[in-house]
Amino acid sequence: MSAGSIVRKEDKRDVRAVAAQVLTTAFDAKSPVGALLDKARVGLSLRDQGLLHELVLGTLRWLRFLDFVLETAAARPLSKIDGDLLPTLRLAVYQLLFLDRVPSHAAVHAAVEEVKRRSHRGATGFANAILRKVAGRRDRASWPVDSVDAIESLAIETSYPTFLARRWVARFGCEQATMMLAAGNRRARFQLTCLSDRYELASELATDGVETRPTELSPVGLDVDAGDPRETEAFRAGKIYIQDQASQAAALVPAPTPGERILDVAAAPGGKSFALLAAEPDVRLVAADASLPRLLRVRSNQERVQRRFHLVTAAGQSPSFRSNFDRVVVDLPCTGTGTFARHPELKWRISEGELERLAGQSLEMLVASANLVGAGGRLCAITCSLEREENEDIVMEFLDRKSEFELENLESWPELAPFVSGRGLWRVWPSESHDGFTVHVLRRR
């Protein structure tokens with residue numbers, strides 16, 4: 001089923017049906033859920049758009065725990081439940097256990113009516129029986145996980161793959177791993193890159209009912225406390241770009257300087273470029289991406305925010321540039337383990353095999369991109385991953401191959417000091433207020 005078929009005429013009447021269809025497509029096509037939501041919200045009221053996002057992202061965020069509850073309530077493994085019913089059942093259980101303002105009878109009735117529309121009478125009775133059991137125990141603590149494996153219990157309770165919880169506990173210790181698991185389950189906030197003075201923009205947004213405060217990490221960001229910035233004149237005028245504050249800050253390591261020639265590799269959808277321009281409008285920027293459709297998305301965003309820079313259809317390894325750059329910023333392919341709050345679907349795609357595959361791709365891209373860095377220039381490798389294999393291991397192997405590069409001493413930039421974790425390494429862990437990112441800065445001798 002294509003993403004474009006999500007919004008069917010009959011679905012528009014019921015936001016829960018739209019949410020079920022988005023979930024089905026997200027799993028079938030392994031598509032980024034953000035793009036599916038953008039298409040699905042067309043035609044919905046603002047209130048239903050908010051509910052759609054809450055239902056889809058919340059269900060994906062807590063998927064493993066929801067399935068545990070379904071199996072317990074049904075007294076059968078998930079594999080014995082009709083797969084066509086699962087999106088509707090998961091959405092209903094999410095509403096019952098995580099959304100206090102949804103009355104039990106409303107959540108159960110809506111789900112049973114949806115099952116009736118999609119399936120047969122027996123399925124309707126089955127769904128009704130299960131959901132009434134869950135409705136009778138709306139407290140999450142009423143569904144205790146009883147596993148002899150403590151890590152598996154932690155993984156189910158916090159809704160993560162067991163292998164990921166196990167590797168984080170082994171690497172970071174139980175306390176930090178538990179904090180990271182919790183951070184990945186938060187509801188992500190609206191955060192904005194400001195393409196003009198952020199304090200003036202804060203005042204302008206306030207007149208449209210959007211309350212903000214300066215971001216902690218990024219010098220060019222605003223954190224939204226209330227309101228929808230997409231419905232403001234500032235958004236329509238292209239003065240703001242929606243972007244996590246850690247993503248903004250990662251693009252600014254180190255701070256850009258006037259006239260600096262910068263190549264943004266794997267640029268789509270353009271966040272790194274917009275953060276660089278927000279911090280220093282006089283950089284000379286080229287944005288490259290291997291995918292034309294993705295590059296067109298950069299152009300669309302570029303036109304909205306009214307900022308001009310060159311766009312090139314090319315990967316970092318393409319030798320299509322006549323001269324080198326002062327800085328090459330590379331957004332490496334990775335598992336995205338620092339961004340589960342914004343992209344909860346990534347939890348269910350990650351595997352140790354995928355880690356290895358993406359690490360191999362990243363190393364190839366980094367080595368090739370290095371050829372575009374001029375003498376004395378910088379190569380900045382960015383990931384939204386917290387995994388050693390996708391960060392430190394790649395950089396060490398890169399240095400073995402490219403002896404003309406060395407890790408730069410980031411201690412010379414005092415403003416970055418709180419997040420400098422080692423020579424050439426800048427990292428923020430995911431928290432209640434932002435995603436997790438890793439940046440390595442390498443200097444060409």
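**The cavities and their linings**

A: In this predicted model, β9 (373-383), α17 (392-401) and β13 (437-444) each supply at least two residues of the lining of the second largest cavity. The biggest share comes from β9, with three residues. By class, that is five nonpolar, four polar and one charged. The space inside is about 40 Å³.

The count of cavities of 30 Å³ or more comes to two. The largest cavity has a volume of about 70 Å³. Its lining consists of R16, A17, A20, T88, L91, Q95, A107, A110, A111 and E114. Two or more of these residues come from each of α1 (15-29), α5 and α6 (104-118). Helix α6 gives the most, with four residues. Six residues of this lining are nonpolar, two are polar and two are charged.

Helix α5 also has a packing partner. Helix α4 (residues 63-74) packs with α5 (residues 86-98) at an angle of about 100°, and their axes are 10 Å apart. The angle therefore makes α4 roughly perpendicular to α5. On the α4 side, the contact is made by L63, F65, L66, D67, V69 and L70. On the α5 side, L86, L89, R90, V93, Y94, L97 and F98 take part. The contact residues divide into eleven nonpolar, no polar and two charged.

Key:
Residues are numbered from 1 along each chain as its sequence is written. This is a predicted model: local features need pLDDT of at least 70, side-chain atom pairs count only at pLDDT 80 or more; totals for chains, interfaces and linings use all residues. Side-chain values use heavy atoms; hydrogens and water are left out. Axes are lines fitted to C-alpha atoms, for helices over the stretch in contact, and angles run from 0 to 180 degrees between N-to-C directions. Angles under 35 degrees count as roughly parallel, over 145 as roughly antiparallel, 65 to 115 as roughly perpendicular and the rest as oblique. Contact means heavy atoms within 4.5 Å. Ala, Val, Leu, Ile, Met, Phe, Trp, Tyr, Cys and Pro count as nonpolar, Asp, Glu, Lys and Arg as charged, and the others, Gly among them, as polar. On a 1 Å grid over the protein atoms alone, a cavity is a set of points where a 1.4 Å probe fits but cannot get out, and a pocket is an open set with protein on both sides within 12 Å along at least five of seven lines; lining residues have an atom within 4 Å of a point. Grid points are joined across faces, edges and corners, and a volume is the space filled by probe spheres set on the points.
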